[in-house]
Amino acid sequence: MLLYYLQWYLMNSIFAFYFFYLFIANPNDYMLDKGYDYYEALGYSNIMEGIMAEAEKSGTADSIREELAEFKRQSQMKAISIIGVFFGAFVYLKTVYDANPDAF
């Protein structure tokens, strides 16, 4: 019985340390993973569908819908701006290289 308890305690300690390390390493990814697992356990196909269904149950669907639309718009603007910056840097470097290839 004591051996069983020690094995159980050791395994729980290892799992606790592992999950704590995951949380410390990247808290955002840890919480997203927990959110995905939670909504998947409830039977939803993705986290956005789960959030909307839970919001409809609680009666806050309109405000959540607006927040999700704003989040999506901001994410798209960030992605477009990053692509634009890299494209602009590429064009700049290409023109500098074409002007004087020996400088590189």
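Predicted model: local features only at pLDDT ≥ 70, side-chain atom pairs only at ≥ 80, totals over all residues.
Biologist: What percentage of the residues of the chain count as buried?

Modeller: Buried means under 20% relative accessible area. The chain has 104 residues. Those that count as buried come to 11%.

Biologist: How many helices and how many strands does the chain have?

Modeller: From the N terminus on, the elements run α-α-α-α. The secondary structure comes to 4 helices and 0 strands.

Biologist: Is the chain more spread out than a compact globule, or less?

Modeller: The globule rule gives 13 Å for 104 residues. The radius of gyration is 24 Å, well over that value, so the chain is more spread out.

Biologist: Are α3 and α4 roughly parallel or roughly antiparallel to each other?

Modeller: Helix α3 covers residues 47–58, and helix α4 covers residues 61–99. Their axes come within 8 Å and cross at roughly 155 degrees. Angles over 145 degrees count as roughly antiparallel. The two helices are therefore roughly antiparallel.

Biologist: How many nonpolar residues are in the contact of α3 with α4?

Modeller: From α3 come M48, I51, M52, A55 and E56. They meet A61, I64, R65, L68 and F71 in α4. No polar residues take part, and 2 are charged. The nonpolar ones number 8.

Conventions:
Residues numbered from 1 in each chain as written. Heavy atoms only, no water. Axes fitted to C-alpha atoms, helices over the stretch in contact; angles between N-to-C directions. Parallel < 35°, antiparallel > 145°, perpendicular 65-115°, else oblique. Contact = heavy atoms within 4.5 Å. Nonpolar A, V, L, I, M, F, W, Y, C, P; charged D, E, K, R; others polar. Rg over C-alpha atoms; globule rule 2.2 N^0.38 Å. Buried < 20%, exposed > 50% of the residue type's maximum accessible area, 1.4 Å probe, protein only.
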